[in-house]
Amino acid sequence: MSLPPFQLLLDSHGTTVHRFLVAAVGPADADDCFQEACIAALRAYPSLSHADNLRAWLMKIAQRKAIDAHRARARLPVPLAELPEVPSSDNGAVTSVDGLTTVWAHVRKLPEKQRMAVFLRSAADLPYADVARALDCSKDAARRNVHEGLKRLREEMAA
Amino acid sequence: MSDVDVELDRAAGGLSGGPSPALMRRVSERFEDEGLVDVAYAQVDSPLGPLTIAASPRGLLVVAYPERPLDTVLSRLAAEVSPRVLEAPARLDPIRRELEEYFEGKLRRFSTKIDWTLTRGFGRKVLRTAAKIPYGQVRTYGQVAEGAGSARAVRAAGNGLGSNPMPVVVPCHRVVRTGGGLGGYTGGLERKEALLAIEGRT
């Protein structure tokens, strides 16, 4: 078994990792999370025992960093500057200051497992098999979490 | 598709196109600060074509002519040195400058340290012997074989020189045939001639 040069991983999957983080933690924290995820991955890389599906391995690390950031933020009071990102418009869609719909803000309120499953499936565009690897669960469980998450999202956005 | 699916699709379409160059620079700096770059590489221009150069903290590992695909060079480094292989041009600035000066005919001796990890056995001895040939001088394959400790292993010496991972800096171009023939060269004979010409031999 030989691992590919780490630079190739960054070049091939950096965009997916970053897109996932922008959705999962928001643009303000995404860059810091990205940096932390890259460092953690590079640190652990030589001791990896297999070279298959390195993208899912990277996403697992990014996913943990996103959870850390989310928990850290939950302990802080909500900064005033972030309020305009989450106001509801009349039809219930969430609109950011620049007018773009940020359904992500709704996803961020889902329970942890569902939240991560939806982000990995939608923002990172991973197949269910990779969502499962990144979340360390079965493919069925990954599918169920996405399904439950979307269901809840539908209810909340209709409310 | 439900409303939520449409919203998610739209939101996914609006996500960034990936990390910005500024972010990637910060990430690279962190890699260096944390001491996690085991192999740094860069591509540099030269009169002999674009070269890939790579180094560990111990010294220079590779100088590769453009005929060797970058992927091949990097994969070998990942397998034989460490998979923590990263593009980090700043780390290679000193050797880049030395190479520039050499190609301009202004540098007679590289002060860059060498990491011999990619060489082994008799090949390494041969290359270490070749590394001592002074600027502008040549030796024969037989002399190098002898210097490496085995006067009769002329062919093995040729093979060792032919697989030199650090041409130019380890001057295997200064090894020629008895009687004046050029012999062979990893990067092609035109390059061997060009290097000898820089050093004042035609």
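The model is predicted, so to speak of a local feature takes pLDDT of at least 70 and side-chain atom pairs count only at pLDDT 80 or more, while totals for chains, interfaces and linings use all residues. Residues are numbered from 1 along each chain as its sequence is written, with chains lettered from A and ligands numbered from 1 in the order in which they are written.

**The helix pair in chain A**

Let's start with α2(A), residues 27-44, and α3(A), residues 54-74, whose axes come within 9 Å and cross at roughly 135°. Axes here are lines fitted to C-alpha atoms over the stretch in contact, with angles from 0 to 180 degrees between N-to-C directions. Helices (H or I, at least four residues) and strands (E, at least two) are DSSP runs, numbered from the N terminus.

Residues meet when their C-beta atoms, placed from the backbone, lie within 7 Å. On the α2(A) side the contact includes A:Cys33 and A:Ala37, and on the α3(A) side A:Leu58 and A:Ile61. The residues of this contact divide into 9 nonpolar, no polar and 3 charged. Nonpolar covers Ala, Val, Leu, Ile, Met, Phe, Trp, Tyr, Cys and Pro; charged covers Asp, Glu, Lys and Arg; the others, Gly among them, are polar.

Among the buried residues of α2(A) are A:Phe34 and A:Leu42. Buried means 20 or more other C-beta atoms within 10 Å of the residue's own, exposed 12 or fewer, and partly exposed in between. The buried residues of α2(A) pack against α1 and α3 of chain A together with α2 of chain B.

**Where the chains touch**

In all, 31 residues of chain B are in contact with 34 residues of chain A. The largest share of the chain B side, 6 residues, comes from α1(B). By class, that side looks like this:

| Class | Residues on the chain B side |
|---|---|
| Nonpolar | 17 residues |
| Polar | 7 residues |

**Two spots in chain B**

In α3(B), residues 70-80, B:Val73, B:Leu74, B:Arg76, B:Leu77 and B:Ala78 are buried. Their cover includes α1 of chain A along with β1, β2, β3 and β4 of chain B.

B:Phe122 lies in α5(B), residues 121-130. B:Phe122 is partly exposed, with 17 other C-beta atoms within 10 Å. Its contacts include B:Ala148 and B:Gly160, not counting residues up to four places away in sequence.
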